[in-house]
Amino acid sequence: YKGGGAISVVTNATGAEINVGVINASGDSTAANATASDVTLIANGALRTSTILAAGVGANVGGNVGLTGASVNLGGAITTSGGANSTGGGNIAITGPVNLLSDIILQPGAGQANVTFSSTIDSVSTRPGSLTINDGSGNVSFAGAIGQNYALTAISISNGGTTTINGSVNAASLQLLNGTGQIQLNAQNVTTSGLQSYAGNLTL
């Protein structure tokens, strides 16, 4: 069996948490073509993740990853990239306030996969974290403040679609590399102690 299996974990009890290790729903990397499947984690309470893999192989696209929790504590990279001959990766949707437990990389890869955050993003008090998003031609959107409680170190977003930031930003550095894409900066304040770099069509 070459394809990855879908993974879904849901808790309904009040305050029930989900704490997972490495999840792999990728296609078999030794196959010429192999499908990836979706990963869905929905916690009524806190959600804590490690590395999540949902990568396609060959002509197959990546799987979608959806994470929901009263708090979403990211502890590893998320990869939803498609195979070398595919049309692109899977979407990444994170619902709930996010805490970065480490330096986090989100990799939908080439194509039109979207990355969305519904709420705030913070480091944790014990360790400043960075956020890197490597997208293709998809859109990246942030609904809430970034680094409001605990500042991030580096924020780096590379994509060819539209990057939308609706909340204030507090980080050591911010790089938005959109090429010919759009940057919609609706934040009232963007505070960094170092570099701010914008490549794309910027709208304030």
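Which residues of strand E10 (residues 92-95) sit on a covered face, and which on an uncovered one? In this predicted model, Ile92 and Ile94 make up the covered face of strand E10, while Ala93 and Thr95 make up the uncovered one.

Strand E7 (residues 65-68) runs parallel to E10, and four bridges join the two. One spot to look for is Thr68, whose bridge partner in E10 is Thr95. E10 also pairs with E13, again in the parallel sense, this time over three bridges. Here Ile92 stands opposite Val115 in E13. So much for E10; now for the whole protein.

Along the principal axes, the C-alpha trace spans about 50 × 45 × 25 Å. Buried residues account for 47% of the 204 residues. The accessible surface comes to about 8600 Å², and carbon and sulfur atoms hold 47% of that area. As for who touches whom, take the contacts between residues at least 6 apart in sequence: 54% of them join residues at least 24 apart.

Back among the strands, there is an open sheet built from five of them, in the order E2-E5-E8-E11-E14, with parallel pairing. Strand E2 (18-19) and strand E14 (121-123) are the edge strands, each pairing on one side only. Further in, strand E8 (residues 71-74) and strand E11 (residues 98-100) pair in the parallel sense over three bridges. Across this pairing, Asn73 stands opposite Asn99 in E11.

Next come the aromatic rings. A pair of aromatic rings is described by the distance of the centres and the angle of the planes. The count for this protein is one aromatic pair. Its members are Phe117 and Phe142, which are stacked, with 5.1 Å from centre to centre and 5 degrees between the planes. The pair ties together distant parts of the chain, since Phe117 belongs to strand E13 (residues 115-117) and Phe142 to strand E16 (residues 140-142), 25 residues apart. Both Phe117 and Phe142 are buried.

Two more residues are worth a visit. Gly181 lies in strand E19 (residues 169-185). With a relative accessible area of 5%, Gly181 counts as buried, because the cut-off is under 20%. Leaving out residues up to four places away in sequence, Gly181 touches Gly160, Gly161, Gly200 and Asn201. The C-alpha atoms of Gly181 and Asn159 are 7.5 Å apart, although 22 residues separate the two along the chain.

Thr192, in strand E20 (residues 190-192), is the other one. The Thr192 side chain reaches the backbone oxygen of Gly194 at 3.0 Å. A polar contact of 3.2 Å also joins the side chains of Thr192 and Gln196. With neighbours within four places in sequence set aside, Thr192 is in contact with Ala171, Ala172, Ser173 and Leu174.

Notes:
Residues are numbered from 1 along each chain as its sequence is written. This is a predicted model: local features need pLDDT of at least 70, side-chain atom pairs count only at pLDDT 80 or more; totals for chains, interfaces and linings use all residues. Side-chain values use heavy atoms; hydrogens and water are left out. Rings of Phe, Tyr and Trp (its six-membered ring) pair if their centres lie within 6.5 Å; planes under 30 degrees apart count as stacked, over 60 as edge-to-face and the rest as tilted. Buried means under 20% relative accessible area, exposed over 50%, partly exposed in between (1.4 Å probe, protein chains only). A polar contact is a pair of N or O atoms within 3.5 Å; within protein, one must be able to donate a hydrogen and the other to accept it, and residues adjacent in sequence count only if both atoms are side-chain atoms. Contact means heavy atoms within 4.5 Å. Two strands pair if DSSP finds at least two bridges between them. Accessible areas come from the Shrake-Rupley method with a 1.4 Å probe; for residues, only the protein chains shown count as cover.
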